[in-house]
Structures are given as structure tokens and as C-alpha cells.
Amino acid sequence: MVKRILIAGSVAALVAANAGEVAAQGFKPTRPIEFLVHTGPGGGNDLLARAISNIVEKEKLLPVRMQVTNKTGGGGITAMSYLSEKKGETHTIALFANTWVNGPLMSKEAKVTLKDLTPIVRLVTEPGVIVVKADSPYKSLKDFIDDAKKQPGQLKQSGGSIGSRDNIVRQLLMKNTGTQWAYISFPGGGERRAALLGGHVQIMVMDPQEAGEHLRNGSLRILAQIAEKRMASLPDVPTVPEAGFNIPNYLVIRGVVGPPDMPAEAVKFWEAFFAKVAKTAAWKKYLADNLFEDGFQTTAELVKFVDVFTEQARTVLKDAGVKIYR
Amino acid sequence: MEIFSGLLQGFAVALTPVNIMWCFIGCFLGTIVGILPGLGPPATIAMLLPLTFQMNPTSAVIMLAGIYYGAKYGGSTTSILLNVPGESASVVTCLDGYQMARNGRGGAALGIAAIASFIAGTFGVIMLMLVAPPLAKFALAFSSPEYFALMCMGLAMVVLLAGKSMVKALLAMLVGLWIAGMGTDLFTAESRFTFGQAELLDGIDFVVVAIGVFALGEVLGNMETREGVAMLPVPKGLRNLLPNVEELKACRFAFLNGSVVGFIIGILPGAGSTVASFISYGIEKAVSKHPEKFGTGVPEGVAAPEGANNAETGGAMVPMLTLGIPGSGTTAILLAAFILWGLKPGPLMIQDNPELFWGLVASMYIGNVILLILNIPLIPLFAQILKLSQYVLYPIIFGISVVGVYSVSDSLFDLSLLTFFGLLGYCMRKLDYPQAPLILGLVLGDAMERALRQSLMMSQGDLSILVSRPLSAGMLVLTALVLAVPMFRKANAWRMKAID
């Protein structure tokens, strides 16, 4: 704890010394910005938030520092309820991810949804890949589906919690093809991969980056990619529709959200600010390094998108037999 | 030969003054993090990550790994002196370590913990170096049925942790299992036993329960004996502070047991050092000539778990470095760090970055020596704590506990939970319920339930999957044997009586 404060302090001093000016537009931050994430240190959104605050610091985009705060718990629900208590606040913003949409649908305890907060921008969309072990008999997604048809319920997929993209893609594929295979949840990415590499399950959905090294050494094979269009790094792998399965493209998204009733000029400021961040070379390099895609959406676009996205998740999860509370 | 030249290359990297300095900094920070309850290596490493961006990746990984294994050394200190587990893995060390301190052998307990840590830590590194690739394959052969059997084996240790009454031990374990079941169910996303509280969606943190039941329960219990007798005896002179020959002799098997068990369990992703320390403690007690003395302050009861939790570090590095698969929270963050530095963790990492792998291995040899040198002279210093009167000591324990729990989650809700578990620990003491089985149930319950349900999903509900696989069947047989031990003992005692 003491160390945490010490480190925060030294980082703060560093940032304060370097901070430059940003164009004023009615609202201007005057205090340090609390940048809230729902994962613990080292988690997906935590790394993203730290990368953003690094870029902001290096490019001197903000006159004050951005302090990453971790409010973990309940798959985002703790962070969401913390943010909802900051009504009208202009110096607290948060990074959201899919769980901010799906979590409240599945949880009785949740008190707010993403719509009750103030969505600001979408920053990132993450493609996925469907992989099998390199010595697997399946050479294409169709091979796997055909085999699943022959022996319903016998094949297995390892993945995360039931509300994750892994399961949603499975549900969409099963519905589209009238097949069934088992879904086995593991809490950690490492255990999921170990189950696949150990031959205990046949198929898995992964982040491209996660798969990258296993491809290079030849222990995994990609059957299809979950993306709007083929990723630059995987020009020869078909997308799921190209592989012959016309299912909607379910995105993994990350973006920025403010507390409820955030004043309009503050929303405008943050929208313009993140638009600027998204144009920096450092940000583009970060996206490329992590095999993310630029998923930038303005506030107006995002608000519409959240509705569609929530509805999509609700339908799929309901089909999957998950109890939906709202 | 390849290993030899690799190691030489590694020492060439690790012995540069800069890297020795980073190794020392890591070990030093780790020791402090270990001593502070609550704050663990994962959070520390994550917080220090931004500072390592400018560093050479090899130096950075040497430092961060130092924090990881250094914390294992430091974790025993508060367990032994204050009954406050400094790391989750050192909760088992409380059982005999704190009793040793109460018997006036606190310094010896600290010494044994440091020596066991050194031996097992070094063993872990040697094994990591020699057999990493084949062992990684072994880890992959482990699937959910094997994990379930492993957890059963762990849970069977309850019969060895029980005090006078087996029924009370089983009841305490059930409460632990129940607490482990709280929170959001991974498979269905339903919340269980959350009583409508969003704070309980992730269940209850193990640290909160362990500190409450052990540390606060102890303080509350001791406050009733008002005469100031709780002041712990401290022997004078350095020689009396360090472990003596008999104590070290008693630990001979424990050093080996802890090293092997810790390393093997470390390799398995998802088992963890707390499980390792429980199992090696159980084994130590099962083979002991005087099992009844465990829990009253026997040195091997400190050596086995401390060894296990240090050997686990070397084990956990095996799947991380050879497969890119993290086996614990800390290795997951180290992996994230590799990516940030532009390395590519995965099956080819060692091949592509030999200087990093061998530099890390060599630095772990050096780090273990540094930690031994760092820890032994500190013993007389730490032992001074025992001289404090209870009016000073108890508020300190209280303060450390509260700060420790708060530092994990920044949540006031957890502090009320801490109070609740403190009171529970107090009641358990009063009613003579052992605390260790509760912690055991809590540690294993979650993983065990998960493994069982995963197994049954794999077999479509067919229970025979648990016994039709040789590894899991073997472990289940072992479990049955462990459960039979006390029955044997009873039968034996009865036969002896009959013969008389």
C-alpha cells in the first residue's frame, strides 16, 4: 500500500512535469483525472488504460495527469456502480468492455447498465480466431461442424465464462448449423489453452495475439477468423462468413464512458480528446502491436451501437439458456 | 552440455553489476511485499511494470522474478511472529510457526523458514533448468478429472489437520467449502449466496478469511487472559535465536518433501502454492513419528510448507516459459509484461531469447543466496517484535490486519467481513474448533467444484471419467489411503490395548 502511494506519487510528479496544454473548449480539466478500470493490475482493460495514459503523457495531450484506478469485482459491476455514484462528475472516466454490457443482463445484483452511464467513445474492436490443435483432423471450420453433426454433444470447446465472446460465437454457430457441442468454462486463459494443447478439448476461440506464438511454432491451426474483414496479419484465413457460416459478427469492444449526467461540454471535450489520442502514431502502433483494430466511434454513433449490441447479446444469451434479468 | 554452456551464458548475464543490482532490488522489494499482509506479488509487479519499459527486458524480468520469489521468503515472517499470514501461501506456516514463537523458538522458526526456502527455491531452479520441456508435457496431460483427484487428495488432508475431534474438523471444513461456493458461478453466471450484495459477486477473498480467523481470532482470544502472560519468551544470544542441530535434523525429510511437492504442484496450471503448502504439510504429518505434536510448534511443520511454497515458484515458471501458459496470478502478469517488452511468450521464447531464459535461471540462483543472506541477519531484529508487551503488540496486529485487507480491495465492505471472520475465529477458538480445515476447504473448494463439473461436462455426466484415467485413479487411491491412516492408527491402538 505504501509502495503503491509512493509509485503513484513519483509517476504523478513525472507527468505533472511533462504535461502540456490541450485546446480549451468550454470545459478544461483542472484536477487529476481518475481513469477507472474494472480489471486488476495486468488485466485487459488495465493494460489498455495504462497504455493510453502513457501515450497521453508522452504526447503531452492533457494538462493534468491521468491516474488509473482499479475497481475490481463482479466482472465490471463494482466499477459500474462506483461510476454511477459520481453523478455529474467531469474528472472521472472509465474504460468499458463487453462485460459492461453483458454483466448487468445476467446479474440480479447489478444496479446500472452502460446506458445509464454516459458512453463517450468506442476505441477498439478486437478480432478473434477459431483454432484447433495442429494435429487435429479438422482442416476447416466446415470439417469441425460436419463432425459435430455426426456426434452431437460429443465435441468440446474450452472458453471463459458463459457470457464471453467464446460462448456467444459458439451459440451463433450452433444455431446457424443446428449442431451441438459442449462448452467447458475455465477461469484463466492459461487453463483454456492448456486444455486445447493437451487434447482435452477440440476447439477454442482466442485473441489473435494469444494464438500468434503457437502458430509460429506450429502447435495450433486457425480455422477461421472472427472479424468484419480479414486481418492484415492473416490474409489467407477466411472470416467465419467466408468459411460458409453466415452468422453476425460479434465484436469485442473497448471504449470510454463517463458517470451519469456528465455535463454536455465535458462529454464533448472527452470525445474530442480521445479522437485526438486515436490519431496519434503511438496509438496506431499500440493497436498494431496487439492485433487490435481501430474501432473508433463518436458519442452519437456509440449510443446507437450500444442499443443494438445489447439486444444482440440479450438474444444470444437467452438462447443459450442463461437467466436474463433485464 | 547444452545446459552447461547455457548456464555459463546465464551467469555471464546475471553477474553483471547492473543485473546483480536489479536482482537485489527485486529480492528486497519482494521480502517487504511478503511481510506486508494483503499486498502480494501480482499487484506489486503490475504497479512496477510502467517503470520497466525503459529497462532491458532481461534486467526487468530478473527484478520482477525477484519480487515473486522474494515475497515467498518474506511471507513467513508475520505468520511466525504474529500469526498473520503475510502471503496466502504462508497460511500453513502459522500452524506450527506461531506455536514455535510462543514456545520461545520464534527465531529458530524464522531461520528454518529461510533455510527451507533456500533449499527448495534452489531445487526449483535446478529442476526448471534440467527438465522444463518434458515436464511441460506432463502438465498438459493433466485435465479436469486429474485436478479433481488432486483437490480430493488435498481435501483428505483434513483428517491430518484435525485436532482432538474429527467431527469439529469436518464441520469447519464444510464452512470453508460453503464460503468457497459464494459468488458468481462460472458455468451459469448465476450468483450464489450473495444475499443481494454486489460486493459478494466475486465471492469472499481468501486473504480476508485467513487474516480474520487466524490473526484477529488470536488477538481477541488472548485479550481475555489479561495478565500479560502472552508476552512471548525471547532467548538471549544469537546462538539461541537460530535453529539448533536437533531442529535442523528434524527437518531433513521436510526439506525434500517440500521441494518435490512444491515443484510438482507448481507446474500444474491452476493449483497454486497454497495447495502445495497444505499438501506437503499433510504428507509431513502423515509420515511423522509424532503426528500428534503437529500444531504445537514442530520445526518440520514450518519447513515443509515454506519449502513447498518456494519450490512452487520454479515449477510455475515451467509452463510459463516453455508454453506461454501462466499457472498463477503472478505468472499471468509476468507474461503480460513479456508482451509489453516486445517479447513473444510461447513455445519458442527460450529458443529465441536464450540470454533471457538463462539469465533468469542464473539470477534465481543468485537471488536465493541474496535472500538467505538478507533474511538470516534480520532474524534477531524481527525477533525483537516478540519482546513487545501485548498492549503494544495487539494493536499493531490489528492495524496490520486492517491495512493488509484494505490494500487488497480498497473496500470497506471487506473490512466488515474481516471483523466477522475475526469474531468467527474467536468463537472457533473458544469452542475448540480447528481453523486450518476451514482455510483448507476455502482454498480447495472452488477449484475442486470447477474440476468436477468440467469433468462431468466432458463425459456428459458419466462419473466413471474420474476413475477410468490412470493419473486421476491413482490419486484417488492415494486419497483413500490418506483417509484410512487415522483408522489404521485407531485400530492399531486398539489392538495394542487388546494385546496388553
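## Sheet, domains and a helix pair in a predicted model

In chain A, strand β4 (residues 118-126) and strand β10 (residues 252-258) pair in the antiparallel sense over seven bridges; helices (H or I, at least four residues) and strands (E, at least two) are DSSP runs numbered from the N terminus, and two strands pair if DSSP finds at least two bridges between them. The model is predicted: local features need pLDDT of at least 70, side-chain atom pairs count only at pLDDT 80 or more, and totals for chains, interfaces and linings use all residues. Residues are numbered from 1 along each chain as its sequence is written, while chains are lettered from A and ligands numbered from 1 in the order in which they are written.

Within this pairing, A:Pro119 has A:Val257 of β10(A) as its bridge partner. Two helices of chain A also meet strands. Helix α4(A) lies across β3 (92-97) and β10 of chain A and runs at about 80 degrees to β3(A). Helix α9 (residues 264-279) of chain A packs on the sheet, where it touches β3, β4, β10 and β11 of chain A. Contact requires C-beta atoms, placed from the backbone, to lie within 7 Å. Axes are lines fitted to C-alpha atoms, for helices over the stretch in contact, and angles run from 0 to 180 degrees between N-to-C directions.

| Pair | Angle |
|---|---|
| α4(A) and β3(A) | about 80 degrees |
| α9(A) and β4(A) | about 20 degrees |
| α20(B) and α21(B) | roughly 140 degrees |

The open sheet of chain A has six strands in the order β2-β1-β3-β10-β4-β11, with mixed pairing. Strands β2 (66-70) and β11 (293-297) of chain A stand at the edges with a single partner strand each, so one side of each lacks a neighbour in the sheet.

An automatic or database assignment gives the domain bounds: chain A is divided into domain 1 (2-126 + 251-319) and domain 2 (128-226). In chain A, 11 residues of domain 1 are in contact with 10 residues of domain 2. On the side of domain 1 of chain A that touches domain 2 of chain A, α11(A) gives the most, with four residues.

In chain B, the axes of helix α20 (residues 390-409) and helix α21 (residues 412-430) come within 9 Å. Residues B:Ser401, B:Val402, B:Val405, B:Tyr406 and B:Ser409 of α20(B) meet B:Asp414, B:Leu415 and B:Leu418 of α21(B).
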